[in-house]
Amino acid sequence: MTPPQGSETVTTETPAESCPAGPPPQTRLPGTSAASVELFAPGGVLQQWPAPAWLMDRRGRRLVANDAAGGWLESLGDSARDELASRAIEVAASGNPARLSLTIGEGEARRHLAVNLGRLDGGDVLALAHDVSFEGNLRGALVDSRARFKDLVEVSSDFAWECDGAGRFVFVSARGALGWSAADLTDRMARDLICPPPEWAAGDDTLAVIPFETHVPVGECVVWLHTAEGGAACLALSAMPLRDRHGAHSGVRGMGRDITVERRQSHALDEARRREQALGAIVRAMHETVDRGEMLQTAARALTHGLAAAGVALLQPDDTGAMALVAGCGEPPVSDDAWTDIARQARGGLVALEFAECWALAQETVYRGSANGLIVAWFDSGTTTDGHGAFARSLLPDAAHSMALAFEQAAHQERLERLSQVDELTGLANRRAFMNAMVRRIAAAIRSGRPGALVYVDLDNFKSVNDHAGHARGDEALRAVARLLEGRTRSSDIVARVGGDEFALWLDEIDTDAAADLCRDILRGAYELRRFSTAGAPPLGCSIGLASYDPSSGESASALMARADTAMYAAKRAGKGQLRQATDDSVANPGPASAVQP
């Protein structure tokens, strides 16, 4: 740099001091141009410069400096001063600018400066410094953060990925995912990995959005993906859409976590809970429900719910050996006459059946080595025997054990009910069962408007048979009476033993004349009972009271029974072995008796 016209150069015998010691910035040293002094003079451009600035000669000695450089230069160490002087000499000699970095201070007070050196026209070297501590710290922090994130991604078991705007993988974490390497997945369309869930996880929701192509943030989205081995894995994906500087969608970045094991465990727990609920409901029904039909119906509902079936049928063999429906839920897929054939197919174990609009599983129930029932569960055709049916296949055998006990308990309960309603000696209905049945028949007669009749039969001289021939002979006589009455009535009629030697009949939809004819037929047949009498003893026979029922009368079952009983006693008073018809005033005026001869 050439000094301007009119400037003067000051010389001195005192040599300029080496950097950084020196005179105040405004002092003019030997070799310093007037223009340089003006730059660093008070009010000068470099004196007001906020960053450190100073001037050095060709030997690397400091000539002048601004206030910002004073304290900074004083804190330089020897090695830094030597490096600064050396570089200044090079710049002065070559004329090529240079840049170097210097560090001052220790610990948290450490500062980093970038120093730019340039030669002026006069040969002096101007140094301008810039504090880059913040930029350096920020750059270091970014580098550390990037390295830390890279390390975390590489050691993480999660699946980190990035897709471009078309949904193609452009980055995959180094370890890859699901058996695929990072190279296998890079440049591949991400949606091609998506697969339907396996049948055991069929309840997983259908994807509302594809995470690899999403335009909105997605958190913990459950997705099933193909594995490299050809299987399926369940991942929970979180994704964040990316946008370019114009705000347009440019891709998606996200993380995925393999939750297949968790999903299987959750499914297993759900199946165990459903199994416990279904089997527990059957056991509770056995313990808590008194009514046989209600118990079996409760079991059918529990199985339908536990199996997630469209319906369940519970079947037991009837008196002919054919399978009959005893309880169920839903509309059966077959007619009643098909159950027996299904039972034959299921003999010895579980069998799967295919129908037009559904499929079914049939399981035989076995109690103490003998089949005592059948469970048939059917499912909508939307579910498959290989998937959803796996749980049903595992539950039905266990359910069959419980249902075998339930069927046996129901049969035992039915036997007890039968015993409570059947006369053990004759096999006829007992008094309680007869009265209950008569109440139902009277209600039916009222609805239909058709008449009926009640017949009361009492044996004549039965005590003599017991006294002379013994009770065993008397029991035999009672069984003969039962056969006599059953042989002369219709299947729709009811025959009962209502006392020791008293019998009653309900005759359905019959008028008085027809009922009287039937009673006279019974009297004729009663002559066969004489064979139970011993020689010299009064002959065994019967007296009959007949009470016709008018549906419009509103008469109760007990009142009808009382009229027939009164008519029977009237027949006995008239000489036994006779029929007496009851009228509304039969107690006061019993009406005529009729005797029947063999």
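In this predicted model, the axes of helix 6 (residues 260–288) and helix 7 (residues 292–307) come within 9 Å of each other and cross at roughly 180°. An angle over 145 degrees counts as roughly antiparallel, and helix 6 and helix 7 are therefore roughly antiparallel to each other. The protein chain that holds this pair has 14 helices and 21 strands in its secondary structure, and buried residues account for 43% of its 598 residues. Among contacts in the chain between residues at least 6 apart in sequence, 55% join residues at least 24 apart.

**Helix 6 against helix 7**

- On the side of helix 6, the residues that meet helix 7 are Arg274, Gln277, Ala278, Ala281, Ile282, Ala285 and Met286.
- On the side of helix 7, the residues that take part in this meeting are Met295, Thr298, Ala299, Ala302, Leu303, His305, Gly306 and Leu307.

**Nonpolar cores**

- The largest nonpolar core has 33 residues, of which Leu459 and Ile544 touch the most other members.
- Two or more residues of this core come from each of strand 16 (452–460), helix 11 (462–469), helix 12 (471–487), strand 18 (502–507), helix 13 (512–525) and strand 19 (541–549), and the largest share, seven residues, is given by helix 12.
- Once neighbours within four places in sequence are left aside, Leu459 is in contact with Leu478, Val481, Asp501, Phe503, Leu529, Leu540, Gly541, Cys542 and Lys572.
- As general background, nonpolar side chains in soluble globular proteins tend to be buried together.

**Aromatic rings and a charge over a ring**

- The structure holds five aromatic pairs, and one aromatic cluster is formed by Phe159, Trp161, Phe169 and Phe212.
- Arg188 lies over the face of Trp180, at 4.7 Å from the ring centre.

- Phe407 has its place in helix 9 (residues 388–421), and because its relative accessibility is 0%, Phe407 counts as buried.
- Between Phe407 and Val326, which are 81 residues apart in sequence, the C-alpha to C-alpha distance is 9.8 Å, and Val326 is among the residues in contact with Phe407, together with Leu296, Leu314, Leu315, Gln316, Thr365, Asn372, Gly373 and Leu374, when neighbours within four places in sequence are left aside.
- Cys221 lies in strand 8, and with a relative accessible area of 15% Cys221 is buried, since the cut-off for buried is under 20%.
- The C-alpha atoms of Cys221 and Ala236 are separated by 5.2 Å, although these residues are 15 apart along the chain; not counting residues up to four places away in sequence, Cys221 touches Leu207, Val209, Pro211, Leu235, Ala236 and Leu237.
- Trp54 belongs to strand 1 (residues 53–56) and is buried, with a relative accessible area of 0%, while its C-alpha atom is separated by 8.9 Å from that of Ala129, 75 residues apart from Trp54 along the chain.

**A partly exposed arginine**

- Arg441 is placed in helix 10 (residues 431–448) and has a relative accessible area of 25%, which means that Arg441 is partly exposed.
- Leaving aside neighbours within four places in sequence, Arg441 is in contact with Ser492, Ile494, Trp506 and Asp508.

**Positive phi outside glycine**

- Asp187 is not a glycine, yet it has a positive phi of about 75°; Asp187 lies in the loop between helix 5 (182–185) and strand 8 (218–226), and at 57% relative accessibility it counts as exposed.
- Lys576, likewise not a glycine, has a positive phi of about 70°; Lys576 is found in the loop between helix 14 (557–573) and strand 20 (578–581), and with a relative accessible area of 38% it is partly exposed.

Technical notes. Residues numbered from 1 in each chain as written. Predicted model: local features only at pLDDT ≥ 70, side-chain atom pairs only at ≥ 80, totals over all residues. Heavy atoms only, no water. Core = buried A, V, L, I, M, F, W, Y, C linked by side-chain atoms within 4.5 Å. Buried < 20%, exposed > 50% of the residue type's maximum accessible area, 1.4 Å probe, protein only. Helix = DSSP H or I, 4+ residues; strand = E, 2+ residues; numbered from the N terminus. Contact = heavy atoms within 4.5 Å. Phe/Tyr/Trp six-rings, centres within 6.5 Å; stacked < 30°, edge-to-face > 60°. Lys NZ or Arg CZ within 6 Å of the ring centre and 35° of its normal. Axes fitted to C-alpha atoms, helices over the stretch in contact; angles between N-to-C directions. Parallel < 35°, antiparallel > 145°, perpendicular 65-115°, else oblique.
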